[in-house]
Amino acid sequence: VDVLPTPEQAPLLKWVQGHSAGVEHLVDHPLASKAQFTNASGIHTPAIGEYVMMMILAFSHHLPQFISYQANAEWPSGRWDKFVPHELRGATMGIVGYGSLGREIARLARAFGMTVLATKREVRHLADDGWRLNGTGDARAQAVRRLYPPQALKSMLRECDYIVLTVPLTPNTQQLIGAAELEAMKPGAFLVNVSRGRVVDERALAKALRDGGLGGAALDVFETEPLPQDSPLWSMPNVILSPHVSGFTPHYDKRALAVFEDNLRRYLDGKPLLNLVDMQRGY
């Protein structure tokens, strides 16, 4: 929901079901302290999970270079040195934020033979008690080799060949990935951001990409959207950009309605709602 009534306009309103996963634009709304809010977390997981694996495979198997050579009708010399892939089997993925998105990405990564590490706010609470599609996710956190508390983020980053950002945007996650975190990453590691642009210090990221500290980055979200034309990210050969579309799916409205239907039954039966948002926490 983008437009909400004021508490005066809807004094008896007890519950609001959101149409998106992110609620950072609603935490300061006057209704936030008057009604329960639930979000649509879980409906994007297949699309975003596939997007993440697409980007990781594109980097590991040199897809941008293939496209560049094709555009120039050039058959490159020294193909072995240029195109030996980084196989995903045996590589380590680190997921920053182990919610519904992180759990689905972990499930897919494990299918490729990757080792999965993740940060999670409550490392002792393993179960996924949110809404999810059948056959998706990692309900009992069995796909992850190790869970790290947020304060151990740098320790996890040092172990990872690929880093995927899936945390919500809150005061605690704003510029969570800055110069110090980028410096902690393995030389040549790849970063994929499908969370929010302001989770990353974009200036520090551009420097790490330019100086060779990072192998590359796939970015679907940005500090300012649309991404300004003068951003150095546009022209970097080790960057793949997309215009905040990783969560797009033709099934979006159908799945959002399914979340509402499930929660409506729960609300009428007096049961706990799924995807209940803690407005103090911001997600």
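**View A. What covers the buried residues of helix α8.** The cover over the buried residues of α8 includes β1 (15–17), β2 (36–38) and α1 (45–60). Contact here means heavy atoms within 4.5 Å. The model is predicted: local features need pLDDT of at least 70, side-chain atom pairs count only at pLDDT 80 or more, and totals for chains, interfaces and linings use all residues. Residues are numbered from 1 along each chain as its sequence is written, and side-chain values use heavy atoms, with hydrogens and water left out. Helices (H or I, at least four residues) and strands (E, at least two) are DSSP runs, numbered from the N terminus.

**View B. Helix α8, residues 252–269.** The helix has 18 residues. From first C-alpha to last, α8 reaches 26 Å, close to the 26 Å expected at 1.5 Å a residue. The expected span is 1.5 Å times one less than the number of residues. Y252, R255, A256, V259 and N263 of α8 are buried. Seen down the axis of α8, these buried residues fall within an arc of 105°, so they line one face of the helix. The arc is that of the directions from the helix axis to the C-beta atoms. An α-helix has 3.6 residues a turn, so residues three or four places apart point the same way. On the other side of α8, D253, K254, L268 and D269 are exposed. Buried means under 20% relative accessible area, exposed over 50%, and partly exposed in between (1.4 Å probe, protein chains only). G270 follows α8, with a positive phi near 75°.

**View C. Helix α1 and the residue after it.** The end C-alpha atoms of α1 are 22 Å apart, in agreement with the 22 Å that its 16 residues should span at 1.5 Å a residue. Of those 16 residues, 13 are buried, so α1 is largely enclosed by the rest of the structure. Just after α1, H62 takes a positive phi of about 65°.

**View D. S100 in helix α4 (residues 100–111).** S100 counts as buried, at 14% relative accessibility. Neighbours within four places in sequence aside, S100 is in contact with S41, G42 and T45.

**View E. The second largest pocket.** About 190 Å³ of space lies in this pocket. On a 1 Å grid over the protein atoms alone, a pocket is an open set of points where a 1.4 Å probe fits, with protein on both sides within 12 Å along at least five of seven lines; lining residues have an atom within 4 Å of a point. Grid points are joined across faces, edges and corners, and the volume is the space filled by probe spheres set on the points. The lining is formed by A179, L182, E183, M185, P187, A204, K207, A208, D211 and G213. α6 (179–184) and α7 (202–211) each supply at least two of the lining residues. α7 gives the most, with four. By type, the lining has six nonpolar, one polar and three charged residues. Ala, Val, Leu, Ile, Met, Phe, Trp, Tyr, Cys and Pro count as nonpolar, Asp, Glu, Lys and Arg as charged, and the others, Gly among them, as polar.

View F. A cis peptide bond joins E225 and P226, with omega about 0°. P226 is in the loop between β8 (214–219) and β9 (239–241). A73 lies in the loop between α2 (63–71) and α3 (79–83). Its phi is positive, near 50°, in a residue other than glycine. A73 is exposed, with a relative accessible area of 74%. H244 lies in the loop between β9 and α8. Phi of H244 is also positive, near 55°. H244 is partly exposed, at 31% relative accessible area.
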